[in-house]
Amino acid sequence: PIFRTGVFGGTTVFLAEPEAVRMAFNGDNHYTELGLFPTTNAMFGEYSLFQRPDLHRARKAALTPAFTGSMLAGYVPRVHRVVARHLAGWGPNGEIALLAAVEALSFDLLVPLLLGVPIDAGETCLEGLPITATAELKRLFRIFFDGFFGLVHLEGPFTAFGRGLQARRRLMDFMAAVIERRRGQPFPQVPVDFLGLMLHGQRADPEGLFSDALIANQCLLQLWGAHYEITGLLASWMAQIALHPEVRRRLEQELAASLPGPVEALTLEELRRLPYLDATINETLRTLPPSSTVTRRLTRPVVINGMLLKKGWGLIAEPRLVHSWERLYPDPGRFEPERFLGGAAEDRRYTFIPFGGGVHACLGAQLAMTVTRVFAIHALMAYRWEGQGEPRFDQFPLRMVKPGYRLRLQVVEGTSEDPAA
């Protein structure tokens, strides 16, 4: 344990020591339960994976194929297309507001992959739905996001929670309409997106896990979580590469030596064969984790490292604390991808937790890594970039590049990724 505090209205212990993190992650249904704030609980909704611990494993197992194996591999061609199109719009030889640029890319990519709504091809696909403009959809998601961190449990337009709850209702109406539209479309033999997977499951077992309410809620939460997590990761990776030209040079060397053919043809397996690229992504996740972990509450006393933790106390394995503990990561403020190469990449389940851990580990972690690999390769092939000043980061609720941070771009000439080609 690192320290305990009463700032959240009860005793909460922040953890960083691996054994303590392991205890927090693996205690569900044994000696811990979820310890969500009432506002957070309401924003997650009645049918989130968190609400029924008895059904959590079955539900998560049913959803996992959407983010692994053949379905994940099937997303890769679209990821290539959307990334390449957005990058082509960034230049040539101009400046971008980094966070806004990657946020737009992330949203255009994730709405088709998760909902099967092809907003990357234009807004005509939204006609007939309760929300008909991408800008309005994004605006509601931002309000919904802010509602998770509103500490005043009052409905109405005068609190962040109240506004978030109103946005949630409109977004749930949107999800319900998307689901109904999909039912009227030709039904593929195998699912090709997250919503399709759940509709297949519902058709196979109408009385099973996938009720309409659960499907709509999962569409909402998965798009919300993936969008902010991937946006934060892409922006932070670009900011780190701008600060470390020696890392970029080594990345260019790896790509020159390892790419088997055209960038846009890289498959899921080929994307996974770039160890230094993965090391830079992991080191970005260590230094600037784009998510936090869920608070657990002890249901009985436990002793860890000689310290008695009492029933009712909250436990938080906070990535920013774990990843900056010098005992685990010497000189933790230094950006050093080599930490994740070779023998240094040992089992880090409880010392490297950007996607949480245990039964509540992030469902879309592999999707986030895959999107970032594709984005990083295309960006390196298309541009050189430098920051306009030092990047600054919001620290709460998530650690993310501030909206005002800008990058100056220079086209890399002579590659198929040249935006002017």
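User: Is Trp 237 buried or exposed, and at what relative accessibility?

Analyst: The model is a predicted one. Burial is judged from relative accessibility, with a cut-off of under 20%. Trp 237 has 0% relative accessibility, so Trp 237 counts as buried.

User: With which ring does Trp 237 pair, and how are the planes arranged?

Analyst: Planes over 60 degrees apart count as edge-to-face. The partner is Phe 375: the ring centres lie 6.5 Å apart and the planes stand at 75 degrees, so this pair is edge-to-face. Because Trp 237 belongs to helix α9 and Phe 375 to helix α14, the pair ties together parts that are 138 residues apart in sequence. Phe 375 likewise counts as buried, because its relative accessibility is 0%.

User: How many aromatic pairs does a search of the whole structure find?

Analyst: The search finds 15. One of them joins Phe 144 and Trp 224, with ring centres 6.0 Å apart and planes at 70 degrees, so this pair is edge-to-face. Phe 144 lies in helix α6 and Trp 224 in helix α9, so parts 80 residues apart in sequence are tied together. Both residues are buried. They also belong to one aromatic cluster, whose members include Phe 44, Phe 107 and Tyr 228.

User: Which charged residues lie over aromatic rings?

Analyst: Arg 203 is placed over the face of Phe 187, 3.7 Å from the ring centre. The ring of Phe 340 has the charged end of Arg 348 over it, at 4.6 Å from the centre.

User: Which residues of helix α10 are buried, and where do they lie around the helix?

Analyst: In α10, the buried residues are Val 247, Arg 248, Leu 251, Glu 254 and Leu 255. Their directions fall within an arc of 120 degrees, so they line one face of the helix. They pack against α9, α12, α14 and β9. On the other side, Gln 253, Ala 256 and Ala 257 are exposed. The helix covers residues 245–258 and reaches 20 Å from its first C-alpha to its last, close to the 20 Å expected.

Key. Residues are numbered from 1 along each chain as its sequence is written. This is a predicted model: local features need pLDDT of at least 70, side-chain atom pairs count only at pLDDT 80 or more; totals for chains, interfaces and linings use all residues. Side-chain values use heavy atoms; hydrogens and water are left out. Helices (H or I, at least four residues) and strands (E, at least two) are DSSP runs, numbered from the N terminus. The expected span of a helix is 1.5 Å times one less than its number of residues. Buried means under 20% relative accessible area, exposed over 50%, partly exposed in between (1.4 Å probe, protein chains only). The arc is that of the directions from the helix axis to the C-beta atoms. Contact means heavy atoms within 4.5 Å. Rings of Phe, Tyr and Trp (its six-membered ring) pair if their centres lie within 6.5 Å; planes under 30 degrees apart count as stacked, over 60 as edge-to-face and the rest as tilted. A charge sits over a ring if NZ of Lys or CZ of Arg is within 6 Å of the ring centre and within 35 degrees of the ring normal.
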